[in-house]
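Dear colleague,

I am passing on the structure below, and my notes on what was found in it follow directly after.

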Amino acid sequence: MIQNRMLAMALMFVLAVAATSASAAEKGPYVQHEDVVYGQEYGVALVMDIFVPTGEKNGVGIVDVVSGAWHSDRGKIRQHKMAQMYDIFTKKGFTVFAVRPGSITKFSAGEMLQNIKQGVRWVKEHAKEYGVNPDNLGMTGASAGGHLACLASVTAHKGEKSDGTDVKATAIFFPPTDFTMYGTTAVDPKGDDRFGQIVRALAFRDGIDGLSDEEITKKIEAISPAKLVHKQAPAFLFIHGDADPAVPLQQSEVMVEALKNAGVEVKLIVKPGGGHPWPTIPEEVAVLADWLESQLVKKQ
C-alpha cells in the first residue's frame, strides 16, 4: 500500500515536471514585458522591454541598446527579434533588458547616452527582482545601438572612479565609433551631406555656428567612443561585415586598435561579404551570445 502510494506520488511528480516543460515549450524561451518605464526626460517616458527566460536563468543580465539610425521605435525591437537575439540569449539563461534610449529627432547623442545610463542604473536597482547580479552585467547593440553601447561602456569610468553604470563585457555589431574619420572620409560637421547633418544633430544640438575648430573637434570626439578608450573599459567583441555599405569596417577596426593600445581584452570577427546586416546573422548572434557567456557566466 505504502509502495503504491509512493509510486503514485512519483508518477504525479514526473507528470507535473513534464507538464511544466511542455508549458514552457509552448510559451517559447522567454516572457516579454513591454514598455517598462525606467525614466523620463522632457516629459517623455523612457522605456525598455524585458525578456525573462522561461527556462533556467544563468543569473546574468544583458542590456541591449535598441537603436537603428539613432531611432529607437518599437520596430527596432522587431528587428532584433528577426535576428533571433532574444530567443538565443534567453535560451542560454540571459535576462535581456532592451533599453530604448530615445531618437535623434528629440535627443542628442549625449542625451541618449545619459538615457542609457539611467536604464543601466534601473537594471542594477531592480536586479534582485529579475534574479540577476547587478555587478555582472553585459551590454550589446547593433549599428547606432552599437555606437551608443560602446559610448556607454567606455564612459562608465572617469579615471579610476565608476559612475555606477559599468558593465563587465560588451559585444557589438557594426558600430560607428569615430566621427572624425568615417572610412577614408574626413567628417565635415558643417557639410550638407546626410552624414554631416547626422553629426550635427548628434553632437551640436545647440548649433555649430560660432564654435572654434578646437571646440568642434572636442564635441565630435565626445561622441566618438574610439577616442574615449581607457584601461578600465570592459572586454569587447566586435562583429562586422567587410562589405558593409552603411558603416565601414574601419569603424570597428579603429576602436579595436584603441582598446588594444589601452590593454583591454578585445576581439574582432570579420564576416566575409557581410552587409548591414546579412541574411545569416542569427549564426553570428549565437557566436556573440557564446562570447558573452564565456565572459560573464563561466568566469563567475
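Strand β11 (residues 235–241), helix α9 (residues 250–261) and strand β12 (residues 266–271) form a right-handed β-α-β unit, where right-handed describes a path from the first strand over the helix to the second that runs clockwise when the strands point away from the viewer. Helices (H or I, at least four residues) and strands (E, at least two) are DSSP runs, numbered from the N terminus. This is a predicted model, in which local features need pLDDT of at least 70 and side-chain atom pairs count only at pLDDT 80 or more, while totals for chains, interfaces and linings use all residues. Residues are numbered from 1 along each chain as its sequence is written, and side-chain values use heavy atoms, with hydrogens and water left out.

Seven of the seven residues of β11 are buried, so the strand is largely enclosed by the rest of the structure; buried means under 20% relative accessible area, exposed over 50% and partly exposed in between (1.4 Å probe, protein chains only). Strands count as paired if DSSP finds at least two bridges between them, and β11 runs parallel both to β8 (residues 169–173), through five bridges, and to β12, through six.

With kind regards
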